[in-house]
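Visitor: I've got the model open and I'd like to know what stands behind the labels. Could you walk me through it?

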Amino acid sequence: MDISSGGQKLDTSSQALGWLRDSSSALSDVQELRWRMDEDGYLYLPGFLNRKNVQEVRSQICQILAKEGLLDPARPPIDAMAKPGLKLHFRADIANRPPVKPHLDSLIYGPELMNFFDRFLGQPARHFDYTWLRAVAPGIGTYPHCDVVYMGRGSAQVYTAWIPFGDVPLEVGGLVLMEGSHRNEELRSGYCQLDVDTACANKSATPLTDRGFEKSGAITLKPVDLRERLGYRFLTAEEFQMGDVLIFNIFLVHGSLDNQSPQIRLSTDSRYQPAADSIDERWIGPQPPAHGGTMIKDLIC
Ligand SMILES: O=C(O)CCC(=O)C(=O)O
């Protein structure tokens, strides 16, 4: 099977594609975890959460998608088989309100992950109040980006936890990152300084488009060209499984593989940082304002 991202076929030679390093055996050694985060920009923790608890939340999400008529009625909702022609990518509304929110929150903001971040950060951690839920129908995945352009108004020590709510073999299109890209000087001093919620007051552009990036915050719509230009390998897992957690920093380039299966890929991304640091206003409060509206700042470009 060919795998692709952004519709571009990936080179699967070992110079271009590798597998994520499993850090679960280092969980008790916080110095080692910090070293790996510095070195790799990520920590891949297979089986960190209880699979059964993840499956219960999956089941709730699938029930909602089924009620909305988005699934193939010939298959059980838990399989999340997309109805033909479905276009779907993002369902944060499901994650951020009942009935799913309390169950999801107790899993992704529960003691396992919060204690992990307290220890990892060496100080009390807090999470953003907003949770991103991806419900990616068959088709193109997420284009390459760094999270800092969406959540860089507070602490620089924000970490993302990407959590699959279903088993995600390659063809279902899991997360893919660019090895070592968190240290790329060109990106750190250029793209990573930008904020998706800014506009140019003096021209019809945004600071992102003005510098050749995408308005959406993506670096490019051509992930393979970007990888070739920067010279990094793509890293992913042969199969992400329910219970796995992939944590990465906000400067690491990542996106996802295209979904070449008939099912909807379900996953959340949630964010954690030191509680004492300033926090991005867009993602906190009982109803986080998120993107757009009053969050847009005008700049001279
Ligand atoms: O799941 C995806 O397709 C993208 C996830 C992502 O961009 C993130 O976790 O920051």
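Visitor: Which residue in β11 is the bridge partner of Met178?

Guide: Phe234 is the partner of Met178 in β11. Before we go on, this is a predicted model: local features need pLDDT of at least 70, side-chain atom pairs count only at pLDDT 80 or more, and totals for chains, interfaces and linings use all residues. Residues are numbered from 1 along each chain as its sequence is written.

Visitor: What makes β9 and β11 a pair of strands?

Guide: Strands are DSSP runs of E with at least two residues, helices are runs of H or I with at least four, and both are numbered from the N terminus. Two strands pair if DSSP finds at least two bridges between them. β9 (residues 175-178) and β11 (residues 234-236) are joined by 2 bridges and run antiparallel, so they pass. β9 also pairs with β14, again antiparallel, over 3 bridges, and there Leu175 faces Ser256.

Visitor: Why is β9 said to be covered on both faces?

Guide: Leu175 and Leu177 on one side are buried, and so are Val176 and Met178 on the other. Buried means that 20 or more other C-beta atoms lie within 10 Å of the residue's own; exposed means 12 or fewer, partly exposed is in between, and C-beta atoms are placed from the backbone.

Visitor: Why is Gly217 called buried?

Guide: Gly217 has 21 C-beta neighbours inside 10 Å, so it counts as buried. You'll find Gly217 in the loop between α8 (207-210) and α9 (223-230). Leaving aside neighbours within four places in sequence, Gly217 is in contact (C-beta atoms, placed from the backbone, within 7 Å) with His145, Val149, Tyr150, Val196 and Leu208.

Visitor: And what makes Ala290 partly exposed?

Guide: Ala290 has 15 other C-beta atoms within 10 Å, so it lands in the in-between class. Ala290 sits in the loop between β15 and β16 (297-299), with a positive phi near 60 degrees, though it isn't a glycine. Ala80 has a positive phi too, near 50 degrees, but with 27 C-beta neighbours inside 10 Å, Ala80 counts as buried.

Visitor: How do you know that the buried residues of α5 line one face of the helix?

Guide: The buried residues of α5 (residues 111-121) are Leu113, Phe116, Phe117 and Leu121. Seen down the axis of α5, they fall within an arc of 110 degrees, so they line one face. That arc is taken over the directions from the helix axis to the C-beta atoms. As a rule, an α-helix has 3.6 residues a turn, so residues three or four places apart point the same way. Pro111 and Asn115, on the other side of α5, are exposed. The buried residues pack against α4 (100-108), β5 (125-127), β7 and β15.

Visitor: What classes of residue make up the shell around the ligand?

Guide: The shell has 3 nonpolar, 6 polar and 3 charged residues. Nonpolar covers Ala, Val, Leu, Ile, Met, Phe, Trp, Tyr, Cys and Pro; charged covers Asp, Glu, Lys and Arg; the others, Gly among them, are polar. Shell members include Arg134, Trp162, Leu175, Ser256 and Asp269. A residue is near the molecule if its C-beta atom, placed from the backbone, lies within 6 Å of it. Finally, β6 (132-136), β7 (159-164), β14 (254-256) and β15 (265-274) each supply at least two residues of that shell.

Terms used: Contact = placed C-beta atoms within 7 Å.
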